[in-house]
Amino acid sequence: MDCIFCDIASKTAEAEIVFENDKYIAFLDINPINYGHTVVIPKTHYDNFLTIPSEELAELTKITQYLAGAVKRALKADGFNIVSNNGLSAGQSVFHFHYHIIPRYENDFFMKPRTLEYNDMEIPSYAEKIKEAVSKYEGLLNG
Ligand code: AMP
Ligand code: ZN
């Protein structure tokens, strides 16, 4: 499979690696939003947030939490964004699941998606759709 993040994980492509263990690797993004912008991936290829097994997602998230603290301290950032783009429409460009750690500074730039307004009738109908979908998986969540 042609995947740049698999190539980085297997060291057939270069990257500025900042953390690695047997299953996960983190490296600097080549098109950073701010300096120190870091990408964290599982070495195994999974397309996105929905297809990575939940146990691995939990481990990856734990590592990302640790790395976010390190990035924040190292870059003296005021804060950071943890971002995961899933699907073309959401801006995903590399289809190997990853978290972005983006260091942020007071007033560096404005990053908020547009917002929509519900009318009073719409709120319950959207909630119903989601609750119906959730109910099909409740056993999995609680089990
Ligand atoms: P996304 O658009 O959320 O899928 O994020 C993919 C990220 O990977 C983008 O921010 C790219 O700049 C970054 N990227 C793509 N190729 C490389 C590479 N060879 N080394 C480091 N980062 C990369
Ligand atoms: Zn891959």
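Which residues coordinate the zinc ion (ligand 2)?

1. In this predicted model, the zinc ion (ligand 2) is held by Cys-3 and Cys-6 through SG, and by His-45 and His-96 through ND1.

2. The geometry at the zinc ion (ligand 2) is tetrahedral, because the 4 donor atoms subtend angles of 105 to 117°. For reference, the ideal angle for four tetrahedral donors is 109.5 degrees.

3. Along the chain, the donors of the zinc ion (ligand 2) are spaced as C-x2-C-x38-H-x50-H.

4. Cys-6 has a relative accessible area of 21%, so Cys-6 is classed as partly exposed.

5. The model contains an open sheet of 5 strands, paired in the antiparallel sense and ordered β1-β2-β3-β5-β4. Its edges are formed by β1 (17–20) and β4 (79–83), each of which pairs on one side only. From one strand to the next, the twist averages 20°.

6. Within the sheet, β3 (residues 38–42) and β5 (residues 99–104) form an antiparallel pair over 3 bridges. In β5, Ile-101 is the residue opposite Thr-38.

7. Helix α2, spanning residues 54–74, lies across β1, β2 (24–28), β3, β4 and β5. The helix runs at about 20° to β5.

Conventions: Residues numbered from 1 in each chain as written. Chains lettered and ligands numbered in written order. Predicted model: local features only at pLDDT ≥ 70, side-chain atom pairs only at ≥ 80, totals over all residues. Heavy atoms only, no water. Donors = N, O, S within 2.8 Å, 3.2 Å for Na, K, Ca; no water. Tetrahedral: all angles 85-135°; square planar, octahedral: opposite > 155°, others 65-115°. Buried < 20%, exposed > 50% of the residue type's maximum accessible area, 1.4 Å probe, protein only. Pairing = 2+ DSSP bridges. Helix = DSSP H or I, 4+ residues; strand = E, 2+ residues; numbered from the N terminus. Axes fitted to C-alpha atoms, helices over the stretch in contact; angles between N-to-C directions. Contact = heavy atoms within 4.5 Å.
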